[in-house]
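Here is a friendly walk through one protein model, written for someone who likes cut-offs stated plainly. Have a look at the sequence and the structure first, and then read on.

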Amino acid sequence: MSIPGDQHNPYAQPQPSAPSQPPSPPLPQPGPYGPGVPQQGPVPGPYGPGPGAGGGGGGGGYGYPAAGGQPQPGAGQAGPGGAGGTDGSGGVGGGSTQHWLWALGGAVAASAMGGAILFAVGAFGDARPAPELAGYSYTSNLCNRTSFAPFDSANYKIKPAGSSSSSSGSSGSGAQNPQFSGVQQGAMDSMWCNAELKPSNAGSDDYSSTWIYSSATLHKKADPTAEFADSYRAYERQRSSISYKVTPVPGIGDEAYLVSRSDDSSGSYVILGIRDGWATYQLTWSSYTSRSSSTKPPTTEQVTGMLRTSAMETLRRLRG
């Protein structure tokens, strides 16, 4: 491709105009983004002339324009602030030095703009939304905030610590009842409370085992909304010999689900799961009563009422 005007031989060594002046490199060959890299002389790098450069003209480096999108003039071309070529008015060194400074300033400006954009989109910070904990707070003893009043009203009392699982009141292992634990971590705060109950009107020979399991989680990094419903729907969709029923429970938190299973007339298993913002709470009833017992276990509907009342009061206390 020809270039109008006076051309240099790209493969010939340039002749100096005076012994005191550095050699003038040939004109750069045109490229798709402006003047290309000269065939001879110093090859400019992305931030200015490469090693051994004698101050020859340069563009944006590697055939690309300098900052501002305009190709910089090469050797023998006049540029802003001084004459090009080797006529001594601006000198090769003076013009190319200004070009190098302009290119460097443009690179710094572009880097600053790029950094500002990265900060704006959160590339250097935490772009996750703030957790919506709906006013709930962590406690190391969830049992102190759990409402046992509904179970007590149904004649289910907290079994004294150290008693066995039977209603006879014989001495057991001495384990604490109720039992609680909790832990605070970067992604979530977790709390648990387990309590063994016994029917207050059971006879000395009656056998029953009733437990209340509760847990509360404050999700501080990930929103549990997308997975919450599926975690309970999985009970009724699993392939198992035990069948479960899952029903939505309106009026508690943002969403709530009841999981129920009734093996026979002697036992029941009911779960109430609640999500309120990024806080989740689960209360589980697990009970077995011997067929020879003089007391009858509560129905699933009765257990559901107890769980609902207890959960609403417990959540109110956790917000307090």
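## Around isoleucine 274

Setting aside neighbours within four places in sequence, isoleucine 274 is in contact (heavy atoms within 4.5 Å) with Phe228, Ile252, Gly253, Glu255, Ala256, Ala279, Thr280, Tyr281, Ala311 and Leu315. A word on conventions: this is a predicted model, in which local features need pLDDT of at least 70 and side-chain atom pairs count only at pLDDT 80 or more, while totals for chains, interfaces and linings use all residues. Residues are numbered from 1 along each chain as its sequence is written, and side-chain values use heavy atoms, with hydrogens and water left out.

## The chain as a whole

The chain has four helices and twelve strands; these are DSSP runs numbered from the N terminus, with helices being H or I of at least four residues and strands being E of at least two. Of the 320 residues in the chain, 36% are buried, where buried means under 20% relative accessible area, exposed over 50% and partly exposed in between (1.4 Å probe, protein chains only).

Among contacts with a separation of 6 or more, 58% are between residues 24 or more positions apart. The accessible surface of the chain is about 17,500 Å², and carbon and sulfur atoms hold 53% of that area; the areas come from the Shrake-Rupley method with a 1.4 Å probe, and for residues only the protein chains shown count as cover.

## Nonpolar cores

In soluble globular proteins, nonpolar side chains tend to be buried together. A nonpolar core here is a set of buried Ala, Val, Leu, Ile, Met, Phe, Trp, Tyr and Cys residues joined through side-chain atoms within 4.5 Å. The largest has 32 residues, and those with the most contacts inside it are Phe151, Leu272, Ile274, Trp285 and Leu307. Elements giving two or more residues to this core are β7 (188-199), β8 (208-219), β10 (255-264), β11 (267-276), β12 and α4 (300-319). The largest share, six residues, comes from α4. A second, separate core of eight residues includes Tyr232, Val246, Tyr257 and Val259.

Strand β11 is largely enclosed by the rest of the structure, because nine of its ten residues are buried. Ten bridges join β11 to β12, and the two run antiparallel; strands pair if DSSP finds at least two bridges between them. Glycine 267 stands opposite tyrosine 288 in β12. Two residues lie between the strands of this hairpin, where glycine 277 takes a positive phi near 65 degrees.

## Aromatic pairs

Rings of Phe, Tyr and Trp (its six-membered ring) pair if their centres lie within 6.5 Å; planes under 30 degrees apart count as stacked, over 60 as edge-to-face and the rest as tilted. By this rule there are seven aromatic pairs. One of them, tyrosine 156 with tryptophan 285, is edge-to-face, at 5.2 Å centre to centre and 75 degrees between the planes. Tyrosine 156 lies in β5 (residues 156-158) and tryptophan 285 in β12 (residues 279-289), so the pair ties together parts 129 residues apart in sequence. Tyrosine 156 is buried at 8% relative accessibility, and tryptophan 285 is buried at 0%. Ring pairs link Phe151, Tyr156 and Trp285 into a cluster.

## The disulfide

The structure holds one disulfide, meaning a pair of cysteine sulfur atoms within 2.5 Å. This disulfide joins cysteine 143 to cysteine 193, with S to S 2.0 Å. The torsion about the S-S bond is about 110 degrees, so the disulfide is right-handed. Cysteine 143 sits in the loop between α1 (91-121) and α2 (149-153), and cysteine 193 in strand β7, 50 residues apart. Both cysteine 143 and cysteine 193 are buried.
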